[in-house]
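Keep the structure open beside you as you read.

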Amino acid sequence: ARACKVELPFRKPGEDEIRGTLRGAQRFVDPSLYDKHMPEVLKKMKERGCQAAEVQTLILDEYACVGMPCELFVELGLRLKERAHPRRALVFGLANGMVGYVPTREAFARGGYETTLCGWSNLIPEAGEMLVDAAIGLLH
């Protein structure tokens, strides 16, 4: 078993992203709820600068169990599985905490619910790659 802490930087959003008018932004609940909570989200992001995340691995024979404290996009999980070879990787989300949605960098270009700035989506686009790289490092 191994674990490591990864410091994931918060995004530095522009006004369009804060207002939810950025191309691809999708607010699926009443927009006033986003606007109401945005000041506290921005304050947290500014004060902390980054979000700590613990990545865990447990190797059991040919299996590698990987715990991620997030909802990791499937493409990132598949990359991890490929790089874990010859072990069979099992990727577990929401393990030992929750830092929010962790989309791929490409997902930010097209937008969507998981990339729209809010309390559960505020990390830099490279955060997923940082988590996967940390897990691969622990496995090898």
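**Starting from Gln 51**

Gln 51 is buried, with a relative accessible area of 17% (buried means under 20%, exposed over 50% and partly exposed in between, with a 1.4 Å probe and protein chains only). Before going further, a word on what you're looking at: this is a predicted model, where local features need pLDDT of at least 70, side-chain atom pairs count only at pLDDT 80 or more, and totals for chains, interfaces and linings use all residues. Residues are numbered from 1 along each chain as its sequence is written, and side-chain values use heavy atoms, leaving out hydrogens and water.

Gln 51 sits in strand S2; helices (H or I, at least four residues) and strands (E, at least two) are DSSP runs, numbered from the N terminus. Its side chain meets that of Arg 48 in a polar contact of 3.4 Å. By polar contact I mean a pair of N or O atoms within 3.5 Å; within protein, one must be able to donate a hydrogen and the other to accept it, and residues adjacent in sequence count only if both atoms are side-chain atoms. Setting aside neighbours within four places in sequence, Gln 51 is in contact (heavy atoms within 4.5 Å) with Val 6, Glu 7, Leu 8, Phe 10, Lys 44, Val 99 and Leu 123.

Now zoom out to the sheet. Four strands make an open, mixed sheet in the order S1-S2-S3-S5, where strands pair if DSSP finds at least two bridges between them. Strand S1 (2-9) and strand S5 (88-92) are at the edges with a single partner strand each, so one side of each has no neighbour in the sheet. S2 (residues 50-60) and S3 (residues 63-67) run antiparallel over five bridges, and Ile 59 has Ala 64 in S3 as its bridge partner. Helix H3 (residues 74-84) packs on the sheet, touching S3 and S5, and its direction makes about 150 degrees with that of S5 (axes are lines fitted to C-alpha atoms, for helices over the stretch in contact, with angles from 0 to 180 degrees between N-to-C directions).

What do the buried residues of H5 pack against? They meet S1, S2, S3, strand S4 (71-72), H3 and strand S6 (101-102). Among those buried in H5 are Leu 131, Val 132 and Ile 136.

Last stop: Arg 27, in the loop between helix H1 (15-19) and helix H2 (31-48). Arg 27 is buried too, at 17% relative accessible area. Its side chain reaches the backbone oxygen of Ile 18 at 3.1 Å and makes a polar contact of 3.0 Å with the side chain of Asp 35.
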